[in-house]
Amino acid sequence: MSERTRRVALSGLLTAMMVVLGYFDSVIQLPIPVPGIKLGLANSVLLYAVYMLPAGQTLLLMALKVLVTGFLFGNPQVMLYSFAGGLLSVLAMLLCRRVKGLSAVGASVAGAAFHNVGQVLVAAWQLDLPELFTFYLPVLLLVGILTGILTGTVAQTVMKYLRRAPRAR
């Protein structure tokens, strides 16, 4: 099997995993009365990609996840929120990957925080409500820290057992 074929097959598998986990995320109702809060289960797969695949492939996976889940379970507005959050999240995790001594859990927390920042940026812009940064973002960041620890721990555990997968370049 050629390297290109292998990369395409792995990308398809990871995208499918993110779509399935994204679906579970959309149907799981957390007992928190704040709109927009999810576990971020698909982010554990994306974090795996951050550490195991090249940056360009990881960004492509994020975009594919946003498009597929948006068409299946959302709408164009959901896709805009997801893309803004996903882009900032992946960029933050890619930067964190380069920080010596910072674990995948730390990168996951940063990714969760920046995902929330991206979504609040879009919401504040669309709704013309800059006060979302004062009242809504702190709540999202607190929950993001907790969900980032969860998804980071899952991804770190999976990566420990999948050492034979291709590494990030």
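Visitor: How many residues line the largest pocket, and which of them lie nearest its centre?

Guide: The lining of the largest pocket has 35 residues, and those nearest the centre are Gly36, Lys38, Ser82, His115 and Gln119. On a 1 Å grid over the protein atoms alone, a pocket is an open set of points where a 1.4 Å probe fits, with protein on both sides within 12 Å along at least five of seven lines, and a lining residue has an atom within 4 Å of a point. This is a predicted model, so local features need pLDDT of at least 70 and side-chain atom pairs count only at pLDDT 80 or more, while totals for chains, interfaces and linings use all residues. Residues are numbered from 1 along each chain as its sequence is written, and side-chain values use heavy atoms, with hydrogens and water left out.

Visitor: How much space lies in the largest pocket?

Guide: A volume here is the space filled by probe spheres set on the grid points, which are joined across faces, edges and corners. For the largest pocket this comes to about 860 Å³.

Visitor: Which helix gives the most to that lining?

Guide: Helices are DSSP runs of H or I with at least four residues, strands are runs of E with at least two, and both are numbered from the N terminus. Helix 5 is the top contributor to the lining of the largest pocket, with seven residues. Six helices can be traced around the lining, with at least two residues from each: helix 1 (3-27), helix 2 (42-52), helix 3 (55-73), helix 4 (76-97), helix 5 (104-127) and helix 7 (137-161).

Visitor: What classes of residue does the lining have?

Guide: Ala, Val, Leu, Ile, Met, Phe, Trp, Tyr, Cys and Pro count as nonpolar, Asp, Glu, Lys and Arg as charged, and the others, Gly among them, as polar. The lining of the largest pocket has 16 nonpolar residues, 16 polar ones and three charged ones.

Visitor: Let me step back to the whole chain. How many helices and strands does the chain have?

Guide: There are seven helices and zero strands, and reading along the sequence gives the pattern α-α-α-α-α-α-α. The C-alpha trace spans about 50 × 35 × 25 Å along its principal axes.

Visitor: What does the radius of gyration tell us about the chain?

Guide: The radius is taken over C-alpha atoms, and the globule rule is 2.2 Å times the number of residues to the power 0.38. A compact globule of 169 residues would have a value near 15 Å; the chain has 16 Å, which agrees. Of the contacts in the chain with a separation of 6 or more, 73% are between residues 24 or more positions apart.

Visitor: Threonine 151 next: is it buried or exposed?

Guide: Buried means under 20% relative accessible area, exposed over 50%, and partly exposed in between (1.4 Å probe, protein chains only). Threonine 151, in helix 7, has 6% relative accessibility and so counts as buried. Across the chain, 41% of the 169 residues are buried.

Visitor: What does threonine 151 touch?

Guide: Not counting residues up to four places away in sequence, threonine 151 touches Leu39, Gly40, Leu41, Ser44, Leu47 and Ser108. Its side chain also makes a polar contact of 2.9 Å with the side chain of serine 108. Such a contact is a pair of N or O atoms within 3.5 Å; within protein, one must be able to donate a hydrogen and the other to accept it, and residues adjacent in sequence count only if both atoms are side-chain atoms.

Visitor: Where does aspartate 128 lie, and what is its phi?

Guide: Most residues other than glycine have a negative phi. Aspartate 128 has a phi near 55°, a positive value. Aspartate 128 lies in the loop between helix 5 and helix 6 (132-135), and it is exposed, with a relative accessible area of 61%.

How values were computed. Contact means heavy atoms within 4.5 Å.
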